[in-house]
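I have a new structure open and a notebook beside it. I want to look up a few places, one at a time.

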Amino acid sequence: LFAIAKIVGKINTMHFSVKADYDSWGVTNVIKEFSKNKKYLEAADLALVKPVVAQFAKQNFSAFKKSVVHGDFQREHVLKSSSDRYCVIDLGCLAYDVSIFDLGIFIGEFCIDIESSRLRKILKKIVDAYTSINPLSDIEIKSLPIIINAHLAAYLVKTSYLIRGERDKSSQTIHWRDFSRRGLRKYQSLN
């Protein structure tokens, strides 16, 4: 985890022009997607997502560092070779955006199975690994739980729309819906 956190930090030190496509699954667009698709959320999911989106909407990200962001740091996009070298794949969500969004996505995806009793200690070590490469301000660190939850809320909104609006019952969509629900329940305690 800590080696990957450093890779995320390295990526977030890059500065070059990126033509980003609109990502309806992305944390950047969670407010817009929630507004458009909240009618597809089940009541219990709406109760999970609504306060997260409200908290995210209150954030002023204008003071946060921007850089190149991967935008989709999930396990399937980080490969490890037999010589212990990592390769980050799937750059389809690459953008120039708030740097810490990548760290929040990474934590939300990679730490979901860590025991709750160990979570805060592990998160501190992940943040320390990231900041050893790419320092963060106190306000950025403080916003991290909100970003983690907003990322998962974006996934729950999107999968709810796909399942209830588009009748998509694929195993992958069901997996991401269940994953995002579980993550939102787990990470709520961080706020």
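My entries follow, grouped by topic.

**Entry 1: the model**

I note that this is a predicted model. I keep that in mind for every value below.

**Entry 2: positive phi**

I began with the backbone. Most residues other than glycine have a negative phi. I looked for exceptions.

I found D84, which is not a glycine but has a positive phi of about 65°. Where does D84 lie? I traced D84 to the loop between β2 (78–80) and β3 (86–88). I then checked its accessibility. D84 counts as exposed because its relative accessibility is 54%, and the cut-off for exposed is over 50%.

I also found R167. Its phi is positive too, near 60°, and R167 is not a glycine. R167 sits in the loop between α6 (138–165) and α7 (171–187). Its relative accessible area is 62%, so I wrote R167 down as exposed.

**Entry 3: K186**

Next I went to helix α7, where I picked K186. Is K186 buried or exposed? I found that K186 is buried, yet has no salt bridge. The nearest side chain of opposite charge belongs to D113, and it is 6.7 Å away. A salt bridge would need the side-chain nitrogen within 4 Å of a carboxyl oxygen.

What does the side chain of K186 reach? I followed it to the backbone oxygen of I112, at 3.2 Å. I then listed the contacts of K186, leaving aside neighbours within four places in sequence. They are C111, I112, D113, I114, E115, S116 and L119.

**Entry 4: R182**

I stayed in helix α7 and moved to R182. I noted R182 as partly exposed, with a relative accessible area of 41%. Leaving aside neighbours within four places in sequence, R182 is in contact with I112 and D113.

**Entry 5: aromatic pairs**

How many aromatic pairs does the structure hold? I counted 9. I looked at the pair of Y40 and Y161: the ring centres are 5.2 Å apart and the planes are at 75°, so I logged the pair as edge-to-face. Y40 lies in the loop between α2 (30–37) and α3 (43–58), and Y161 lies in helix α6, so this pair ties together parts that are 121 residues apart in sequence. Y40 is partly exposed, at 21% relative accessible area.

I then turned to Y155 and W176. Their ring centres are 5.3 Å apart and their planes at 75°, so this pair is edge-to-face. Y155 is in helix α6 and W176 in helix α7, 21 residues apart, and the pair links distant parts of the chain. Both Y155 and W176 are buried. I also saw that W25, Y155, W176 and F179 form one aromatic cluster.

**Entry 6: helix α3**

I closed with α3. I noted 16 residues and 23 Å from the first C-alpha to the last. That is close to the 22 Å expected at 1.5 Å a residue.

Which residues of α3 are buried? I listed D45, L48, V49, V52, V53 and F56. An α-helix has 3.6 residues a turn, so residues three or four places apart point the same way. What do the buried residues of α3 pack against? I found α2, α4 (100–110), α6 and α7.

Technical notes:
Residues numbered from 1 in each chain as written. Predicted model: local features only at pLDDT ≥ 70, side-chain atom pairs only at ≥ 80, totals over all residues. Heavy atoms only, no water. Helix = DSSP H or I, 4+ residues; strand = E, 2+ residues; numbered from the N terminus. Buried < 20%, exposed > 50% of the residue type's maximum accessible area, 1.4 Å probe, protein only. Lys, Arg positive; Asp, Glu negative; His and termini not counted. Polar contact = N/O pair within 3.5 Å; in protein donor to acceptor, adjacent residues only side chain to side chain. Contact = heavy atoms within 4.5 Å. Phe/Tyr/Trp six-rings, centres within 6.5 Å; stacked < 30°, edge-to-face > 60°. Expected span 1.5 Å × (residues − 1).
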